[in-house]
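Here is a walk through one model, strand by strand and ring by ring. Have the viewer open while you read.

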Amino acid sequence: MWVHTFFFVILLVVVSGARRDVASSDTVYTFPDEFKLGAATASYQIEGAWDENGKGPNIWDTLTHEHPDYVVDGATGDIADDSYHLYKEDVKILKELGAQVYRFSISWARVLPEGHDNIVNQDGIDYYNNLINELLANGIEPMVTMYHWDLPQALQDLGGWPNLVLAKYSENYARVLFKNFGDRVKLWLTFNEPLTFMDGYASEIGMAPSINTPGIGDYLAAHTVIHAHARIYHLYDQEFRAEQGGKVGISLNINWCEPATNSAEDRASCENYQQFNLGLYAHPIFTEEGDYPAVLKDRVSRNSADEGYTDSRLPQFTAEEVEYIRGTHDFLGINFYTALLGKSGVEGYEPSRYRDSGVILTQDAAWPISASSWLKVVPWGFRKELNWIKNEYNNPPVFITENGFSDYGGLNDTGRVHYYTEHLKEMLKAIHEDGVNVIGYTAWSLMDNFEWLRGYSEKFGIYAVDFEDPARPRIPKESAKVLAEIMNTRKIPERFRD
Ligand SMILES: *[C@@H]1O[C@H](CO)[C@@H](O)[C@H](O)[C@H]1NC(C)=O
């Protein structure tokens, strides 16, 4: 009897072990039940109707109208995808895709034409109400970015993001959004990629508003944005959370930095890169200790002194501000596209953030290219970055708010299909094998659109849009069909598995 029991137990162990192997090999290609899949856009890149029905001008209207030479082909977002008139077409393709969630942004100047909350443009409120209601009627959850780079010109006239008073104005804008839309919108992002739009204050021919104050104006902009984010989070806690029950996060972009060699110096330079680019925003908000990363404070302060400044070019938080800001998150939005090689050293303009960071960045010539000079295809970097975030910020819920690939057009977009399937596989390994708490993913982008200074030349859409046709038809590319298959089966199809 004892012998029989012994062999029975062994048999059970062998059988259940084998079962577990089969299950886990399928599991690693399967999205967790609660995981949300969808696609993303941004107001200036798709809406058009730049001056219709009471909308005020913003800094991208100004840049594209006053400096057509800054933008490829002198393109503008005056019409773009005409989503202001065609939002029902957008919802139709989201439905066809099987999206559970649609991430879009609200144009501040469409809602508050002067930037301030004394004049609310009812037409703008109506537009977003119609979009939100159309999404919900089709079973798609709205995820709203409050600010995706289109600052009302009236606020830029006061100095824009380097002026700390914009933190208060941002809170007032957010109150209008929570009041009007918070009964139906439960996923909020305060800002999209402040790391990118702070560069609007760090170069003469760059992102709007193209003000050339590197190493000073960009840090001031970051400082205001962090204050603004914290104010909006506390506003939600104090006036809306109990009734509305949503979540508030921020979308931060980061590239993986792979040390160029295994030397301690190169590895340290990539840590500097993470702290100067992700930690700049995430450390004050997502760590227990709060405040800017020590390496950021130390390096900018030392460089500033060497350059003859009395004060550090990096503004400081008071102890009370550190307390007020830390912990102001329900989840972390991450935009991930590519990777870099990092080598220890100093280069770049003096002063500048790049010079302060103490890393020399290149890319590996062997990495596959896209249509965008900066975007090389490095899917394994995605998994490494997700693990870095897990370890640095105590494994917060992470929502991938952007990930995508650019080409020059065409419906059989095999490069984009490869990009999505490989990145989703790396993300699923991070979830199932590394225990990273990723809760959602919205592909960038739902459709071809105005790609900032690259105009319409670099295309990120999974749906093609004919910008010559006034009807702006949206046509699915091969990538949209593959993503629809993934969203509907909630698995990576067998033909794309390793
Ligand atoms: C797309 O292009 C690939 C590679 O050139 C080819 O193998 C495939 O058959 C094409 N698919 C369609 C739908 O045309």
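Gly 249 has Phe 331 as its bridge partner in strand 7. That contact belongs to a set of 5 bridges that join strand 5 to strand 7, and the two run parallel. Strands here count as paired if DSSP finds at least two bridges between them; strands (E, at least two residues) and helices (H or I, at least four) are DSSP runs, numbered from the N terminus.

Before going further, some housekeeping. This is a predicted model, where local features need pLDDT of at least 70 and side-chain atom pairs count only at pLDDT 80 or more, while totals for chains, interfaces and linings use all residues. Residues are numbered from 1 along each chain as its sequence is written, and side-chain values use heavy atoms, with hydrogens and water left out.

**The barrel**

Strand 7 (residues 331-335) is also joined to strand 10 (residues 398-402), in parallel, by 4 bridges.

| Residue | Bridge partner in strand 10 |
|---|---|
| Leu 332 | Val 398 |
| Ile 334 | Ile 400 |

Zoom out and you get a closed barrel of 8 strands, ordered 1-2-3-4-5-7-10-11, with parallel pairing. Its neighbouring strands are turned by 25° against each other on average, ignoring direction. Angles run from 0 to 180 degrees between N-to-C directions, with axes as lines fitted to C-alpha atoms (for helices, over the stretch in contact).

How many residues of strand 7 are buried? The count is 5 of 5, so the strand is mostly covered, where buried means under 20% relative accessible area, exposed over 50% and partly exposed in between (1.4 Å probe, protein chains only). Both faces of strand 7 are covered: Phe 331, Gly 333 and Asn 335 are buried on one side, Leu 332 and Ile 334 on the other.

Helix 16 (residues 414-432) lies across strand 10 and strand 11 (438-444), and runs at about 170° to strand 11.

Which cysteines does the disulfide join? Cys 257 and Cys 270 are the pair, at 2.1 Å from S to S; a search of the whole structure finds 1 disulfide, defined as a pair of cysteine sulfur atoms within 2.5 Å. The link is left-handed, with -65° about the S-S bond. It connects distant parts of the chain, with Cys 257 in strand 6 (residues 256-259) and Cys 270 in helix 11 (residues 264-286), 13 residues apart. Cys 257 counts as buried because its relative accessibility is 2%, and Cys 270 does so at 4%.

**Rings**

The structure holds 38 aromatic pairs. Rings of Phe, Tyr and Trp (its six-membered ring) pair if their centres lie within 6.5 Å; planes under 30 degrees apart are stacked, over 60 edge-to-face, and the rest tilted.

Why is the pair of Tyr 44 and Trp 60 tilted? Their planes stand at 35°, so the pair gets that label, with the ring centres 6.2 Å apart. Tyr 44 lies in helix 2 (residues 43-46) and Trp 60 in helix 3 (residues 59-66), 16 residues apart. Tyr 44 is buried, at 5% relative accessible area, and Trp 60 counts as buried at 1%.

Phe 178 and Trp 188 form an edge-to-face pair, at 5.0 Å centre to centre and 85° between the planes. Phe 178 lies in helix 8 (residues 165-181) and Trp 188 in strand 4 (residues 187-192), so the pair ties together parts that are 10 residues apart in sequence. Both Phe 178 and Trp 188 are buried.

Tyr 44 and Trp 60 also belong to one aromatic cluster with Trp 149, Phe 450, Trp 452, Tyr 456 and Phe 467.

How values were computed: Contact means heavy atoms within 4.5 Å.
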